[in-house]
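This briefing sets out the ligand surroundings, charged pairs and strand arrangement of one protein model. Please read it alongside the sequence and structure shown next.

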Amino acid sequence: MSDLAIRDLRKTYRTKGRPEVHAVRGFDLEVDSGELVGLLGPSGCGKSTTLRMIAGLEDATSGDIRVGSSSVVGLPPQRRNIGVAFENYALYPPLSVSENIAFGLRARGKGDRKKRVADVAHRIGLTDILDATPVGLSSGQKQRVALARAIVRRPDVLLLDEPLSHLDAGQRDTTRRELRHLQQELGYTTILVTHDQEEALSLADRVVVMNDGVVQQVGTPDEIYDD
Ligand code: ADP
Ligand code: ADP
C-alpha cells in the first residue's frame, strides 16, 4: 500500500457560451498508507470531481497527485493502480459477475485471474452469484460487485463514492461491517465519499469536510461531530 498526497488540485470546467465553473479550487490532502478518509460536503462542492481527477477519469486543471513517491498526473487510469467504485456501478450487462470482476485483470494469466476473482468473491460474499449477469442482481449485490472489481487488482489507493447508497438499512449495516473488516484486513489507502454521518463515524480514521471546492475542516470523526 502507498500513501496519497494531493497538492493544490484545481478543476475549472469551461463550456463555450457558459460561465466557467471552478469546481475544485485548491484541494490539499494527505492520506497515510492504510488510512481511510471520509470525504463529506454539500452536493456540488466538488467531491466527485476530486475523485475523478485522482482516478484519472478527468484531467486536473492544475495541481499534483502523488501515490507513494510518484506523481500520477497525466497517466491514464489503467496505469494509476487506483481502484474505484462509483455510485453508478457501471457494470457491463453482457458479462457475468465473475467476468465483470476480472475485467481489470486482462493482462494476467487465466489461472491467476481465476484465483484472484475467487479470492475476492469469497471475501465479499459473491461466490454464489459469480455466474449471474448484473441485470438480475439487487442493488446491494451490484454495489458489492463494483467493490470486488475495485479491489481485485490490489490497488495502491481505493476510491469509493457513496458505496452504501441504494441499500436498505439492513443491507447498509451488513455492508458497512464488511467494509470495515476488509479495510482492517487488507489496509487500503482509501477515500470514501459519503453524506452519512454514521458511515463516517464507523468507518473513517479521519473526516475531511469539503465546501465550495476546498477543504474546510479536517479531523477525527469525534472532533468533527463533537458539536
Ligand atoms: P459533488 O460531488 O460534491 O456533488 P461535483 O464534483 O459533482 O460535486 O460538482 C462540483 C461542481 O462542478 C458543481 O457545480 C457541478 O455542477 C460542476 N460540474 C461537475 N461536472 C461538470 C461538468 N462535466 N461540466 C461542468 N460543470 C460540472
Ligand atoms: P498471489 O496471487 O500473488 O499468489 P495470494 O492470492 O496467495 O497471492 O495472496 C497473497 C496475499 O495477498 C494474501 O495475504 C492475501 O490475503 C492478500 N490479498 C489477497 N487479495 C487481496 C486484495 N484484493 N487486496 C489486498 N491483498 C490481497
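A residue is called buried when its relative accessible area is under 20%, exposed when it is over 50%, and partly exposed in between, with a 1.4 Å probe and protein chains only. By this criterion, five of the five residues of strand β3 (residues 36-40) are buried, so β3 is largely enclosed by the rest of the structure. This is a predicted model, in which local features need pLDDT of at least 70 and side-chain atom pairs count only at pLDDT 80 or more, whereas totals for chains, interfaces and linings use all residues. Residues are numbered from 1 along each chain as its sequence is written, chains are lettered from A and ligands numbered from 1 in the order in which they are written, and side-chain values use heavy atoms, with hydrogens and water left out.

- Helices (H or I, at least four residues) and strands (E, at least two) are DSSP runs, numbered from the N terminus.
- From β3, Leu36, Gly38 and Leu40 point one way, while Val37 and Leu39 point the other way, and all are buried.
- Two strands are said to pair if DSSP finds at least two bridges between them.
- β3 pairs with strand β8 (residues 189-193) in the parallel sense over four bridges, and leucine 39 stands opposite valine 193 in β8.
- Four bridges also join β3 to β9 in the parallel sense; here valine 37 stands opposite arginine 206 in β9.

**The open four-stranded sheet**

- Four strands form an open sheet in the order β2-β1-β4-β5, with antiparallel pairing.
- β2 and β5 (70-71) stand at the edges with a single partner strand each, so one side of each is left without a neighbour in the sheet.
- β1 and strand β4 (residues 62-67) run antiparallel and are joined by five bridges.
- Arginine 10 stands opposite serine 62 in β4.

**Surroundings of ligand 1**

- A residue is taken as near a molecule or strand if one of its heavy atoms lies within 4 Å of it.
- Ligand 1 is surrounded by Tyr13, Val21, Ala23, Pro42, Ser43, Gly44, Cys45, Gly46, Lys47, Ser48, Thr49 and Arg52.
- β2 (21-31) and α1 (47-55) each supply at least two residues of this shell, and α1 gives the most, with four residues.
- The shell around ligand 1 divides into five nonpolar, five polar and two charged residues, where Ala, Val, Leu, Ile, Met, Phe, Trp, Tyr, Cys and Pro count as nonpolar, Asp, Glu, Lys and Arg as charged, and the others, Gly among them, as polar.
- A polar side-chain atom of tyrosine 13 lies 3.4 Å from a nitrogen atom of ligand 1.
- Oxygen atoms of ligand 1 lie 3.2 Å from a polar backbone atom of cysteine 45 and 3.0 Å from a backbone N or O atom of glycine 46.
- Taken alone, ligand 1 exposes 560 Å², of which the protein buries 62%; accessible areas come from the Shrake-Rupley method with a 1.4 Å probe, and for residues only the protein chains shown count as cover.

**Surroundings of ligand 2**

- The shell around ligand 2 consists of Asp112, Lys115, Arg116, Asp119, Val120, Arg123, Ile151, Arg154, Leu186 and Tyr188.
- Helix α3 (residues 110-124) provides the largest share of this shell, six residues.
- By class, the shell around ligand 2 has four nonpolar, no polar and six charged residues.
- Nitrogen atoms of ligand 2 lie 2.9 Å from a polar side-chain atom of aspartate 119 and 2.4 Å from a polar side-chain atom of tyrosine 188.
- An N or O atom in the side chain of arginine 154 is 3.2 Å from an oxygen atom of ligand 2.
- The protein covers 55% of the 560 Å² of accessible area that ligand 2 has on its own.

**Salt bridges**

- The structure holds 12 salt bridges, each defined as a side-chain nitrogen of Lys or Arg within 4 Å of a carboxyl oxygen of Asp or Glu.
- One of them joins the side chains of arginine 7 and glutamate 30 (2.4 Å, N to O).
- Arginine 7 lies in strand β1 (residues 4-13) and glutamate 30 in strand β2, so this pair ties together parts that are 23 residues apart in sequence.
- Arginine 7 is partly exposed, with a relative accessible area of 39%, and glutamate 30 is also partly exposed, at 46%.
- Another salt bridge is formed by the side chains of arginine 25 and aspartate 212 (3.5 Å, N to O).
- This pair links distant parts of the chain, 187 residues apart: arginine 25 is in strand β2, and aspartate 212 is in the loop between β9 (206-211) and β10 (214-219).
- The side chains of arginine 66 and aspartate 64 also meet in a salt bridge (3.0 Å, N to O).
- Asp119, Arg123 and Glu185 are joined into one network by salt bridges that share partners.

Key
Polar contact = N/O pair within 3.5 Å; in protein donor to acceptor, adjacent residues only side chain to side chain.
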